[in-house]
Amino acid sequence: MLTKRIIPCLDVKNGKTVKGINFVGLKEVGDPVEMARRYYEQGADELVFLDITATSEGRRTMVQVVEKVAGQIFMPFTVGGGIRSCEDIRNLLLAGADKVSLNSAAIRNPDFINEGAEAFGSQCIVLAVDGRKRKDGSGWNVFISGGRIDTGIDVLDWVKEGVARGAGEILLTSMDTDGTEAGYDLAMLKAVHDAVEVPVIASGGCGKAEDIYEVFKEDAADAALAASLFHYDQMKIQDVKQYLKEKGIPVRL
């Protein structure tokens, strides 16, 4: 059985790691370079770095910060935010990223997924999807630009299209649960996990180790991403992994 991955996430704004609730009310929580090193030392399986205002501010990802983070860690490293061309992808890979996360640019130009996968391989392309439940409860819509714009596109339709175009992984964030520490959106995760054949990373809502256990027990994701749980030192990554192992979840200690 494949081991489940624990992935801390650094949401970065103006060179600082930030955290909010439901994509708003952002507060600074630390230096991304120091935090990345700490998470690597604690045994994280991967790291996700998202420049969360690059798209809305119409600029590229902060390559210099990515380089500094990459110099501190020796584990798979995914970078997203403001990536709009294959040249952007190349620059980030040269800066030390292993994978790139495409979100708004992929919605605006779906062919970009094909271009990225053809140039760098599907394993390099992570399709990041920010989903929110529709008011009538009939499913979930995709939001872009840091959760500011409702595209009207159905989450399940979009992940299927993204994978067909070459995305090798889905990073699925629930805008309804993001930052609430009330648990992942299991219904949306399960629906997406059942709809595609590529790994799904659960994001949004983790507040305790039990939330991560729940998402794996329900077979709703292949990896669990968390921010608040680790940023505020509520738990160390190795403690979460030990807890999961005792619960029978395969993890890399």
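I started with Phe 49, which is buried at a relative accessible area of 0% (buried is under 20%, exposed over 50%, partly exposed in between; 1.4 Å probe, protein chains only). Before going on, I noted that this is a predicted model, where local features need pLDDT of at least 70 and side-chain atom pairs count only at pLDDT 80 or more, while totals for chains, interfaces and linings use all residues. Residues are numbered from 1 along each chain as its sequence is written, and side-chain values use heavy atoms, with hydrogens and water left out.

**Ring pairs**

How many aromatic pairs does a search of the whole structure find? It finds 4, taking rings of Phe, Tyr and Trp (its six-membered ring) with centres within 6.5 Å; planes under 30 degrees apart are stacked, over 60 edge-to-face, the rest tilted. I looked up two of them.

Phe 49 and Phe 77 have ring centres 6.3 Å apart and planes at 90°, so I logged them as edge-to-face. Phe 49 is in strand S4 (residues 47-51) and Phe 77 in strand S5 (residues 77-80), so the pair ties together parts 28 residues apart in sequence. Helices (H or I, at least four residues) and strands (E, at least two) are DSSP runs, numbered from the N terminus. Phe 77 is buried too, at 1% relative accessibility.

Next I took Tyr 213 and Tyr 243: edge-to-face, 6.3 Å centre to centre, 85° between the planes. Tyr 213 sits in helix H8 (residues 209-217) and Tyr 243 in helix H10 (residues 237-246), 30 residues apart. I found both tyrosines buried.

**Charges over rings**

Which residue lies over the face of Tyr 213? It's Lys 247, at 5.1 Å from the ring centre. The cut-off is NZ of Lys or CZ of Arg within 6 Å of the ring centre and within 35 degrees of the ring normal. I also noted the charged end of Arg 132 over the ring of Phe 143, 5.7 Å from its centre.

**H8 and what follows**

Besides Tyr 213, the buried residues of H8 include Ala 209, Asp 211, Ile 212, Val 215 and Phe 216. Their cover includes strand S1 (5-13), helix H7 (186-195) and H10, going by contact (heavy atoms within 4.5 Å).

Most residues other than glycine have a negative phi, hence the entry. Asp 219 is in the loop between H8 and S12 and is partly exposed at 40% relative accessibility.

Asp 233 also went in: not a glycine, yet its phi is positive, about 60°. Asp 233 lies in the loop between H9 and H10 and is partly exposed at 45%.
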